[in-house]
Amino acid sequence: MNPAYACRDHVFDVPLDHSSPSGPRIQVFAREVADPARADEKLPWLLFLQGGPGGKSPRPSAGSPSWLDRALRTHRVLLLDQRGTGRSTPVTARAAARFTDPARLAAYLTHFRADSIVADAEHIRRRLCGDEPWETLGQSYGGFLTLTYLSMAPHGLRACYIAGGLPGLTATADDVYARTYPRVRDRVLEHYDRYPDDARLLRRLAGLLAAREVRLPDGDRLTVRRLRSLGLCLGMGDGFERLHWLLDEALDADGEPTDTFLHQVAALTGFTDNPLYAVLQEPLYGQGRTPTAWAASRALANRAEFAEDADPLLLTAEMVFPWMFREIAGLRPFAGAADLLAHRDSWQPLYDPARLAANDVPVAAVVYHDDIYVDAELSLRTAREVGSVRTWVTNEWEHDGIRADGERVLSRLMDLAAGRA
């Protein structure tokens, strides 16, 4: 037990498919956290919905996550490992490899989207709170989950706080990537303006990787396209520095990639801890009968400035491509299923526009003006289409305000929802 917090672990047995309660079941884990001085008090619940997809909830330590201490002054917090993550019957490469039929694995994975996560949350709320509604804090993808929650079970919610995650209600994966690539291009060029030597170093690394095989510690080949996926970090406030200092130790005195660099690249791009991030990145936009059909890959093919031989070399960011499931060890067991999901044309809708328009649950959302992951224009359009939403637009942070200054962000969101700001 962390002495800074009073913690209690919960494990819930839930149906894999909530529409078939007598079918297979999985476990969902959640950690209850309270201020030790108030642990015996009856406090309102705050459910934390982690970003992702495929991200487990944070493990609390003193002062981290930075929003937690603020929340515990007034609430009892539930840190949910969304199904398939952390201790919630995890979906890992090893688990996927047990499926000998890609179609069976694909069918299994359809039960790990927002609608199923919300059904889990409602099951848990009834167990912990009875008929009492609770509040939610959704980070990034957690905001997408919040809109699904408001569509499916608004009676379970007292107030919702969203940090950088208002989705376009009708936006397809194609719509999202049409907006994403220009923002990523601009962010990479901004990095090169700050660190001009990094542009030359990345072009040098790309030339080396194109000329011969370089293997990562797990045996995967480091290709130019895998190198470019390091751009994922540029959406965070410290992303420029994280990338710069990674590249600072990329080559040794003989011009060879260092073991330190290769180890870090493997960890950053291997999806070992969160394969669902890659598997569900595009299916989370699936609604109705339109397949996502590898939207990021199709969009990339039409952007000459992102060609591997273009100069400067542009990195990619929150995009998932078919090659990843062939070339990355942690994703190979998902390859056949991922392709079936990409071509699936029978997705259940995740948002109910009519119900959201009539929403009366207070919602406060911070929209990061320069966010390269979640388009600000789409976010603000959604805010206009959903009832009882108040927005706070800022360029003080990138995508990570709740991580960088959680005390301030959560306090402001609570004040907005309560009408104090």
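Start by selecting β3 and showing its side chains. Trp45, Leu47 and Leu49 point one way from the strand. Leu46 and Phe48 point the other way. Each of these five side chains belongs to a buried residue. Keep in mind that this is a predicted model.

Now color β3 by accessibility. The strand is mostly covered, with 5 of its 5 residues buried.

Next, bring in the neighboring strands. Which strand does Leu46 reach through its bridge partner Val77? Val77 lies in β4. Select residues 76–80 to see that strand. β4 runs parallel to β3, and 4 bridges join the two.

Then select residues 134–139, which form β5. This strand also pairs with β3 in the parallel sense, over 4 bridges. To find one of the pairings, center on Leu47: its bridge partner in β5 is Thr136.

Now follow the chain out of β3. Where does Gly51 sit? Its place is in the loop between β3 (45–49) and α1 (68–72). Is Gly51 buried or exposed? It counts as buried, because its relative accessibility is 6%, under the 20% cut-off.

Stay on Gly51 and show its surroundings. Leaving aside residues up to four places away in sequence, Gly51 touches Gln139, Ser140, Tyr141 and Gly142. Gln139 is in the range 134–139 of β5.

Finish with a distance. Pick the C-alpha atoms of Gly51 and Tyr141: they are 4.4 Å apart in space. In sequence, Gly51 and Tyr141 are 90 residues apart.

Conventions. Residues are numbered from 1 along each chain as its sequence is written. This is a predicted model: local features need pLDDT of at least 70, side-chain atom pairs count only at pLDDT 80 or more; totals for chains, interfaces and linings use all residues. Side-chain values use heavy atoms; hydrogens and water are left out. Buried means under 20% relative accessible area, exposed over 50%, partly exposed in between (1.4 Å probe, protein chains only). Contact means heavy atoms within 4.5 Å. Two strands pair if DSSP finds at least two bridges between them.
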